[in-house]
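Please look over the structure shown here before reading the notes.

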Amino acid sequence: MNGAEEKFKIAVIGTRGVPARYGGFETCAEELGKRLAHHGHEVVVYCRRSYYEKRLKSYEGMNLVYVPCINHKALETFSHTLFSLVHALKVPYDLILIFNVANGPLLLLPKLAGKPVVLNLDGLEWERGKWSFLGKTFYRLAARLAVRLAPALVADSRAIQAFYRQKFGKETEYIPYGAAIEKSQSPSLLSPFNLVPRNYFLQITRFEPENNPLLTVKAFEKLRTNKKLVLVGGAKYPSKYSRELYNTKDQRIIFPGFIYDKNIIRELLTNCFAYIHGNEAGGTNPALLQAMGCGCFVVARDVIFNREVLREAGIYYKKNADDLLVKLEWALENEAMLDKYRARAQQIVATDYQWDAVTASYESLFKRLKILRGKYQGNEARLR
């Protein structure tokens with residue numbers, strides 16, 4: 001952007017906040033927000049107060065506002081967005097960027113106030129195993145309301161875009177996430193975990209059924225290798241599923257918990273033998289992109305969302321431990337071939353998933369939405 005172009009005042013709502021730890025929405029808020037701020041826009045990110053002991057006033061050019069939430073699995077996101085919107089609707093923002101389709105019902109508030117909103121849909125939340133029947137029903141309802149209430153919807157994958165077109169007859173903007181091309185800088189950071197490069201399998205995920213970490217454990221327990229399995233992550237709200245993970249007797253499996261140090265995460269990714277990606281309910285998954293950008297050899301759950309991103313730069317497994325075991329054995333037997341997959345993965349990220357391009361797409365959308373603001377009052381803005 002040049003200095004003559006219009007600048008916007010933008011509220012970013014629906015994430016845990018920035019600085020990002022790890023999580024797709026938070027990383028997007030940080031990477032997108034700092035670039036928008038660098039381009040001259042005023043960006044205000046609403047953060048969940050309970051997540052930040054140290055509350056910065058600003059970060060990477062973004063202003064930060066801390067708002068409470070109800071610390072309950074089913075209410076945390078919704079309550080924080082509600083409290084954030086109550087604050088935001090009193091501020092003269094040009095537009096509001098909201099993440100998570102769970103916030104669909106709350107879009108009525110900015111609509112009544114005449115505030116243009118962009119909603120990032122994420123994946124198909126009602127397919128996630130962590131939700132009860134009532135939770136899944138709520139997410140389906142939220143998606144229907146989002147389609148009706150949001151003037152602009154962002155789909156982070158072509159598959160999600162196609163779903164909303166076919167299910168709801170709604171056109172969305174395709175804007176994926178981005179990732180950085182990384183290489184190992186400090187392999188000594190692996191030492192506290194007793195790890196050496198290329199001698200461990202890795203999965204970084206929340207311990208939830210739709211991410212399949214338990215399936216990974218069951219497959220690895222049968223794998224004949226001296227390599228280790230590192231499962232980074234956990235569950236904020238412990239469940240029977242997450243507790244079952246820790247019942248393994250396999251001494252090769254390491255549970256370091258949540259790791260928020262970006263340098264350690266980089267070293268874990270860039271030095272792993274293979275990265276196991278079990279997520280199956282989302283669109284373009286940021287963790288998958290990060291692994292690809294770090295040059296991982298990826299063994300991914302065989303779903304359309306992962307194939308759209310990873311393509312021929314990895315291999316895929318069906319949802320059973322025996323099939324994953326076969327794929328892990330293949331990797332061990334074909335180690336000499338894996339560097340070709342790693343290079344392909346980084347090339348895909350370098351070509352199609354760069355944050356500068358993502359930012360340009362959002363800016364283009366914001367401009368079109370601002371142009372149509374006069375038509376927005378009480379009507380659905382047509383962006384195409």
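What follows is a briefing on a predicted model, grouped by topic.

An open sheet of eight strands is described first, with the strand order β3-β4-β2-β1-β5-β6-β7-β8 and mixed pairing. Its edge strands are β3 (58-59) and β8 (173-174), each of which pairs on one side only.

- Strand β5, residues 95-99, pairs with strand β6, residues 117-120, in the parallel sense, and four bridges join them.
- Phe-99 has Asn-120 in β6 as its bridge partner.
- Helix α1 (residues 24-38) packs on the sheet, where it touches β1 (9-13), β2 (42-48), β3, β4 (62-67), β5 and β6. The direction of helix α1 makes about 140° with that of β4.
- β6 also pairs with β7 in the parallel sense, over three bridges. Here Asn-120 stands opposite Val-154 in β7.
- β7 and β8 run parallel and are joined by two bridges. In this pair, Val-154 stands opposite Glu-173 in β8.
- Helix α5 (residues 158-168) forms a right-handed β-α-β unit together with β7 and β8.

**Side chains of strand β7**

- In a regular strand, side chains alternate between the two faces of the sheet.
- Strand β7 covers residues 152-155; Ala-152 and Val-154 point one way, while Leu-153 and Ala-155 point the other way.
- Are these four residues of β7 buried or exposed? All of them are buried.

- Strand β12 (residues 274-277) pairs with strand β13 (residues 298-301) in the parallel sense, over three bridges.
- Tyr-275 stands opposite Val-298 in β13.
- β12 and β13 make a right-handed β-α-β unit with helix α9, residues 286-293.
- β13 also pairs with strand β14 (residues 314-317), again in the parallel sense. Four bridges join β13 and β14.
- Ala-300 stands opposite Tyr-316 in β14.
- Helix α10 (residues 304-310) makes a right-handed β-α-β unit with β13 and β14.

**Helix α8**

- Helix α8 (residues 262-271) has 10 residues, and eight of them are buried, so the helix is largely enclosed by the rest of the structure.
- The buried residues in α8 are Ile-264, Ile-265, Arg-266, Glu-267, Leu-268, Leu-269, Thr-270 and Asn-271.
- What covers these buried residues? The cover includes β9 (200-206), β10 (228-234), β12 and α9.

**Helices α6 and α11**

- Helix α6 (residues 213-221) packs against helix α11 (residues 321-333) at an angle of about 60°, and their axes are 8 Å apart.
- The two helices α6 and α11 are therefore oblique to each other.
- The crossing of α6 and α11 is right-handed.
- From α6, Leu-215, Thr-216, Lys-218 and Ala-219 meet Ala-321, Leu-324 and Leu-325 in α11.
- Leu-215 is found in helix α6. Its relative accessibility is 12%, so Leu-215 counts as buried, the cut-off being under 20%.
- Leu-215 and Ala-321 are 106 residues apart along the chain, and their C-alpha atoms are separated by 5.6 Å.
- Beyond residues up to four places away in sequence, Leu-215 touches Tyr-241, Tyr-317, Lys-319, Asn-320, Ala-321 and Leu-324.

- Thr-359 has its place in helix α13, residues 355-371.
- Why does Thr-359 count as buried? Its relative accessibility is 1%, so Thr-359 falls in the class under 20%.
- Apart from neighbours within four places in sequence, Thr-359 is in contact with Glu-31, Leu-32, Arg-35, Leu-36 and His-39.
- Lys-370 also lies in helix α13. Not counting residues up to four places away in sequence, Lys-370 touches Glu-6, Phe-8 and Asp-94.
- The C-alpha atoms of Lys-370 and Pro-116 are separated by 7.7 Å, and these residues are 254 places apart along the chain.

How values were computed: Residues numbered from 1 in each chain as written. Predicted model: local features only at pLDDT ≥ 70, side-chain atom pairs only at ≥ 80, totals over all residues. Heavy atoms only, no water. Pairing = 2+ DSSP bridges. Right-handed = clockwise from strand over helix to strand, strands pointing away. Buried < 20%, exposed > 50% of the residue type's maximum accessible area, 1.4 Å probe, protein only. Contact = heavy atoms within 4.5 Å. Axes fitted to C-alpha atoms, helices over the stretch in contact; angles between N-to-C directions. Parallel < 35°, antiparallel > 145°, perpendicular 65-115°, else oblique. Left-handed = near helix turned anticlockwise from the far one by under 90°.
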